[in-house]
Amino acid sequence: MKVKPQARPMARDKPQERQNAGSYLALLDDGDLCVPGYTRLSDNPEIQTACLRIAELIGSMTIYLMRSTPDGDERVKNELSRVLDITPERHMNRSQWLIANVMNMLLYGHGNAICVPHTYQGFLQSMEPITAERVSLVPDGISMRDYWVQIDGVPRSPDNLMHFVYNPDPHYLWKGQGVTVTLKDIAKNLKQAQKTENAFMASEWKPSIIVKVDALTDEFSSPEGRQKLLDSYVKPSSPGQPWLIPAEQFEVEQIRPLSLADIAIKDTVEMDKKTVAAVVGVPAFLLGVGDFKRDEYNNFVQTKIRAIAQTIQQEMTRCLITSPDFYIQLNYYSLLDYDLAGLSRLLLDGADRGFVNGDEWRDRMHMAPAGLKEYKVLENYIPYDQSGNQAKLTGGDGSGS
């Protein structure tokens with residue numbers, strides 16, 4: 001399978017200056033909320049975790065090379081399919097390659113991931129993902145439809161590159177904007193909550209014991225006297241010994257010190273994590289909030305994961321495939337959560353109707369083939385045009401004679 005050869009970059013009068021501002025969104029120094037300098041959203045644990053969960057799931061999807069035939073679409077296995085699914089890049093496997101591109105789409109590249117195909121004599125050799133800081137997207141003059149991709153300051157035509165876009169910009173529709181703008185305020189809240197929790201846990205002002213003392217006691221009138229009372233009656237001579245105090249002068253109460261629950265840190269963090277999950281599009285339990293729900297997870301795969309996978313497979317098909325009969329597909333069905341018993345029943349129902357053979361059932365049950373290639377069907381499943389030839393209607397053997 002030949003692929004579209006890589007064209008030379010179009011000449012320009014003068015390459016424009018590299019602009020990396022679009023690659024990252026920084027939280028500027030804001031007092032206690034940020035360390036000196038800036039903090040990227042990619043450094044926020046919750047946001048990074050949510051995006052990484054999406055990237056890891058897409059990275060586990062098999063990349064199929066498909067061919068359209070008069071009898072339906074079928075999977076093709078050849079050298080091109082091996083490059084796509086096994087060795088997309090010299091030092092990366094398919095999972096690493098997909099994770100790198102998806103993380104650029106969602107986070108690092110501010111909605112844009114650029115990948116350069118390398119060919120030899122018209123055959124695809126590798127697909128090099130470009131790190132976000134090396135890329136700038138520059139509009140071509142006054143036109144809002146055309147643009148250039150600058151890689152290390154060198155302008156390239158997007159026709160010869162794979163440009164994966166997430167959340168298109170409302171003004172430049174060819175440019176992604178990611179999820180970073182929406183998550184900026186939430187990242188501030190999470191960072192503030194983390195700093196508050198660290199400061200609270202490091203403080204030493206929280207007493208767990210209160211001792212009521214007779215105010216007329218002479219020793220209570222000065223700091224030295226109070227310390228003398230503590231040393232005499234409260235501080236034991238050796239660990240484990242009980243306290244011995246005068247009953248008429250002292251009353252000891254144990255109190256519950258102020259906790260993170262009292263200042264609503266836990267509730268605030270959970271609410272912000274749920275907001276991060278909703279904005280990024282992942283179930284909240286992937287960020288440690290709530291319990292796992294199979295239906296919610298499967299809906300996440302069928303909507304969010306599938307949508308990003310379609311963006312990737314369509315861009316790969318546009319850039320790499322020249323034949324109208326071939327296209328690239330990512331298998332998202334492998335991510336759906338099935339219990340083994342339910343999957344077995346589903347396949348057995350298909351086997352009764354001749355849709356699944358024994359070896360196909362064994363393959364999904366992770367068993368070796370056993371030569372069960374024959375498709376079988378129950379006797380009452382017959383073609384529609386032969387429905388009048390059933391034995392119970394003809395009174396014979398069903399031959400219709």
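Three strands make an open sheet, ordered E6-E5-E10, with antiparallel pairing. Two strands count as paired if DSSP finds at least two bridges between them. Strand E6 (123-130) and strand E10 (162-165) are the edges; each has a single partner strand, so one side of each is left without a neighbour in the sheet. Neighbouring strands are turned by 25° against each other on average, direction ignored. Axes here are lines fitted to C-alpha atoms, for helices over the stretch in contact, and angles run from 0 to 180 degrees between N-to-C directions. Strands (E, at least two residues) and helices (H or I, at least four) are DSSP runs, numbered from the N terminus.

The model is predicted: local features need pLDDT of at least 70, side-chain atom pairs count only at pLDDT 80 or more, and totals for chains, interfaces and linings use all residues. Residues are numbered from 1 along each chain as its sequence is written, and side-chain values use heavy atoms, with hydrogens and water left out.

**The sheet and its helices**

Strand E5 (residues 112-120) runs antiparallel to E6, and seven bridges join the two. Pro-117 stands opposite Met-127 in E6. Helix H3 (residues 94-108) packs on the sheet. H3 touches E5, E6 and E10, and its direction makes about 140° with that of E5. Contact means heavy atoms within 4.5 Å. H7 also lies across E5, E6 and E10. H7 runs at about 160° to E10.

**A buried charge without a partner**

Where does Glu-89 sit? Its place is in the loop between helix H2 (79-85) and H3. Glu-89 is buried yet has no salt bridge. The nearest side chain of opposite charge is Arg-90, 7.3 Å away. For charge, Lys and Arg count as positive and Asp and Glu as negative; His and the chain ends are not counted. Buried means under 20% relative accessible area, exposed over 50%, and partly exposed in between (1.4 Å probe, protein chains only). Leaving aside residues up to four places away in sequence, Glu-89 touches Trp-97, Ser-126, Met-127, Glu-128 and Pro-129. Glu-128 belongs to a network of salt bridges with Arg-134 and Asp-152.

**Salt bridges**

Side chains of opposite charge can pair when their charged atoms come close. A salt bridge here is a side-chain nitrogen of Lys or Arg within 4 Å of a carboxyl oxygen of Asp or Glu. The whole structure holds seven. The table lists some of them.

| Glu-56 | Arg-53 | 3.6 Å |

Glu-56 and Arg-53 both lie in helix H1 (residues 45-59), three residues apart, about one turn of the helix. Glu-56 is partly exposed at 36% relative accessible area, and Arg-53 is partly exposed at 30%.

Glu-315 and Arg-318 share helix H7 (residues 294-320), again three residues apart, about one turn. Glu-315 is buried at 13%. Arg-318 is partly exposed at 34%.

How far apart in sequence are the parts that Asp-359 and Lys-373 tie together? They are 14 residues apart: Asp-359 lies in helix H9 (residues 358-364), and Lys-373 in the loop between H9 and helix H10 (391-394). Asp-359 is buried, with a relative accessible area of 6%. Lys-373 is exposed at 55%.

**Aromatic pairs**

The structure holds seven aromatic pairs. Rings of Phe, Tyr and Trp (its six-membered ring) pair if their centres lie within 6.5 Å; planes under 30 degrees apart count as stacked, over 60 as edge-to-face and the rest as tilted. Tyr-147 and Trp-174 are stacked, at 4.1 Å centre to centre and 10° between the planes. Tyr-147 lies in strand E8 (residues 147-151) and Trp-174 in the loop between E10 and helix H4 (180-202), so the pair ties together parts that are 27 residues apart in sequence. Tyr-147 is buried at 12% relative accessibility, and Trp-174 is buried at 12%.

Trp-174 also pairs with Tyr-172: the ring centres are 5.3 Å apart and the planes stand at 55°, so this pair is tilted. Tyr-172 is partly exposed at 30%. Elsewhere, ring pairs link Phe-285, Phe-292, Tyr-297 and Phe-300 into a cluster.
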